Amino acid sequence: MSHSYRTIILARMGEIALKGLNRGKFERQLMDNMRWRLKEFGAFTIVQSQSRIWIEPKESNADLLEDQEVAQQVLKAVTQVFGLVSASLVRRFSGDMEDIKKQSVQLTDDILSEHDYKTFKVESKRGNKRFPLASPEICVDVGEAILLSHPELTVDVHEPDFIIYVEVREDLYVYSEKLEGHRGLPVGTAGKGMLLLSGGIDSPVAGYMMASRGMQLEAIYFHSYPYTSERALEKVKDLAKIVSQYSGTILLHVCNFTDIQLNLYKNSPQDMLTITMRRVMFEIAEELANKQGCKCLITGESLGQVASQTIEAIQITNEVVKTMPVFRPLIGLDKEETCNISRRIGAFETSILPYEDCCTVFVAKHPKTHPQKKHIIEAEEKLDIPALVKQGVEGIETYKIERTSK
Ligand code: ATP
Ligand code: MG
């Protein structure tokens with residue numbers, strides 16, 4: 001190594017810290033998920049101490065994080081593991097106050113070579129009480145050393161352009177940036193849910209949100225080939241892959257929906273088609289969910305967004321699901337808020353690709369927006385729903401979707 005420090009990652013846990021007696025279970029799951037998420041980059045030693053996690057490449061790939069680009073990729077992957085507030089690349093070294101000053105100045109040099117910053121401050125933590133200086137003194141000394149080599153900078157304790165953090169433990173650490181984590185709880189601590197995943201903006205966000213509460217995901221996509229193209233299916237697989245960066249592996253069940261949809265098209269009134277179709281979808285999803293050990297359904301519905309999402313339409317769709325809750329994490333969000341989350345998780349660009357989904361092909365010109373019980377009874381008179389559900393469940397093909405490598 002050309003420099004006198006080693007780059008490692010420091011991650012900070014969030015809500016788990018509040019978990020009382022169950023805390024151990026949550027922490028173990030988080031560590032497992034972290035190991036699994038980082039596997040593709042090489043071997044790491046991952047150590048937890050209080051509410052922090054220290055991640056260090058093993059000897060076999062000791063210099064991994066010295067490459068800035070790779071380091072950023074690994075850091076980003078770390079923040080995608082639910083349960084973390086933030087993570088930083090930190091420089092670890094040993095020595096005394098002189099070394100702390102030297103490393104802090106060097107880090108400042110590196111920061112200023114990339115940013116046009118004018119103000120800074122130093123924050124320090126001393127875990128090792130045998131270290132001869134206390135935190136405030138460390139801050140003053142480091143601040144002075146930085147000002148000496150960069151007289152153009154000034155200290156601003158309230159709104160600095162950048163912060164140099166110094167930590168004194170058995171070893172010494174300096175770092176500056178904190179990348180925000182996705183918070184939430186570790187996937188695997190809240191059972192499994194069945195996501196109704198379409199190719200749109202909403203359902204991948206809904207899946208992400210439930211995964212952020214610790215829920216493992218499976219997904220079902222209703223595919224009406226050739227009314228919906230092969231590329232529409234590829235798009236759904238891509239979206240599942242994006243969500244799996246956060247949620248872990250997703251089993252994607254593709255239900256061949258063409259014949260069912262044609263049957264509905266022929267045998268139920270046009271203005272009720274969306275509703276009858278959604279009721280059959282929900283029944284198929286529920287049956288599959290039970291078979292797979294999922295404890296809820298998850299959809300991307302948001303109240304009032306489209307005709308099928310009025311309260312009456314939601315009520316009448318919801319009533320077919322008898323054995324589990326249907327979670328709609330976007331119910332109170334407006335489209336802009338959902339789009340923002342979609343962008344943040346990296347799904348938006350894929351979601352807006354223009355492949356039609358089955359609902360746009362068979363959509364009625366004037367769907368009933370406030371359906372009543374009597375309407376649905378009429379609409380389903382000529383339908384053999386149990387047979388359609390059976391047909392749907394039997395026509396499922398399953399794919400194992402894993403995150404993209406980077
Ligand atoms: P999205 O943006 O998720 O496609 P949307 O705004 O298009 O949602 P709808 O078409 O009414 O709204 O769908 C509402 C929800 O129903 C979706 O978020 C999804 O959970 C589910 N859904 C719709 N179409 C399908 C499909 N072909 N396969 C699986 N789930 C679907
Ligand atoms: Mg849609």
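The model is a predicted one. The protein chain has 406 residues, of which 52% count as buried, and it contains 14 helices and 15 strands. Its C-alpha trace spans about 85 × 40 × 35 Å along the principal axes. Among contacts with a separation of 6 or more, 79% are between residues 24 or more positions apart.

**Two domains**

- The domain assignment divides the chain into domain 1, residues 6-182, and domain 2, residues 192-401.
- Taken over C-alpha atoms, the centres of domain 1 and domain 2 are separated by 42 Å.
- Where the two domains meet, six residues of domain 1 are in contact with ten residues of domain 2.
- About 750 Å² is buried between domain 1 and domain 2, and carbon and sulfur atoms give 50% of that area.
- On the domain 1 side, Gln80, Phe82 and His182 lose the most area to domain 2, together making up 68% of what that side buries.
- What kinds of polar link cross the interface of domain 1 and domain 2? Two residue pairs are in polar contact there, while the number of salt bridges found across the interface is zero.

**Helix α3**

- Helix α3 covers residues 97-114, and its 18 residues should span 26 Å at 1.5 Å a residue; the end C-alpha atoms are 26 Å apart, which agrees.
- At the start of α3, the backbone nitrogen of Glu98 has a side-chain oxygen of Asp96 within 3.0 Å.
- The buried residues of α3 are Met97, Ile100, Gln103, Ser104, Val105, Leu107, Thr108, Ile111 and Leu112.
- In an α-helix there are 3.6 residues a turn, so residues three or four places apart point the same way.
- Which elements do the buried residues of α3 pack against? They pack against strands β4 (84-93), β7 (162-168) and β8 (172-175), and against helix α4 (135-149).

**Salt bridges**

- The structure holds 23 salt bridges.
- Asp110 and Arg91 meet through their side chains in a salt bridge of 2.8 Å, N to O. Asp110 belongs to helix α3 and Arg91 to strand β4, so this pair ties together parts 19 residues apart in sequence.
- Within that pair, Arg91 is buried because its relative accessible area is 10%, whereas Asp110, at 34%, is partly exposed.
- Glu40 and Arg37 form another salt bridge, at 3.3 Å, N to O. Arg37 is buried, with a relative accessible area of 4%, and Glu40 is partly exposed at 27%.
- Lys373 and Glu319 are also joined by a salt bridge, their closest N and O atoms being 2.8 Å apart. Lys373 is in helix α13 (residues 373-379) and Glu319 in the loop between α9 (311-318) and β14 (326-327), which makes this a link between distant parts of the chain, 54 residues apart.
- Both partners count as partly exposed: Lys373 has a relative accessible area of 47%, and Glu319 one of 30%.
- Lys373 and Glu319 also belong to a network of salt bridges that includes Arg279 and Glu380.

**A buried aspartate**

- Asp202 is located in helix α5, residues 202-211.
- Is Asp202 buried or exposed? Asp202 is buried, since its relative accessible area is 10%, and the cut-off for buried is under 20%.
- The side chain of Asp202 makes a polar contact of 2.9 Å with that of Lys335.
- Beyond its neighbours within four places in sequence, Asp202 is in contact with Gly300, Gln305, Leu330, Lys335 and Thr338.

**Backbone details to look for**

- Most residues other than glycine have a negative phi, and most peptide bonds are trans.
- Tyr225 and Pro226 are joined by a cis peptide bond, with omega about 5°. Pro226 sits in the loop between β11 (216-223) and α6 (230-247).
- Gln50, which is not a glycine, has a positive phi of about 50°. Gln50 lies in the loop between β2 (44-49) and β3 (52-57) and is exposed, with a relative accessible area of 61%.
- Arg183 has a positive phi as well, near 55°. Arg183 is in the loop between β9 (179-180) and β10 (192-196) and counts as partly exposed at 43% relative accessibility.

Definitions and conventions: Residues numbered from 1 in each chain as written. Chains lettered and ligands numbered in written order. Predicted model: local features only at pLDDT ≥ 70, side-chain atom pairs only at ≥ 80, totals over all residues. Heavy atoms only, no water. Helix = DSSP H or I, 4+ residues; strand = E, 2+ residues; numbered from the N terminus. Expected span 1.5 Å × (residues − 1). Buried < 20%, exposed > 50% of the residue type's maximum accessible area, 1.4 Å probe, protein only. Contact = heavy atoms within 4.5 Å. Polar contact = N/O pair within 3.5 Å; in protein donor to acceptor, adjacent residues only side chain to side chain. Domains from an automatic or database assignment. Buried area = accessible area lost by both parts, 1.4 Å probe. Salt bridge = Lys/Arg side-chain N within 4 Å of Asp/Glu carboxyl O.
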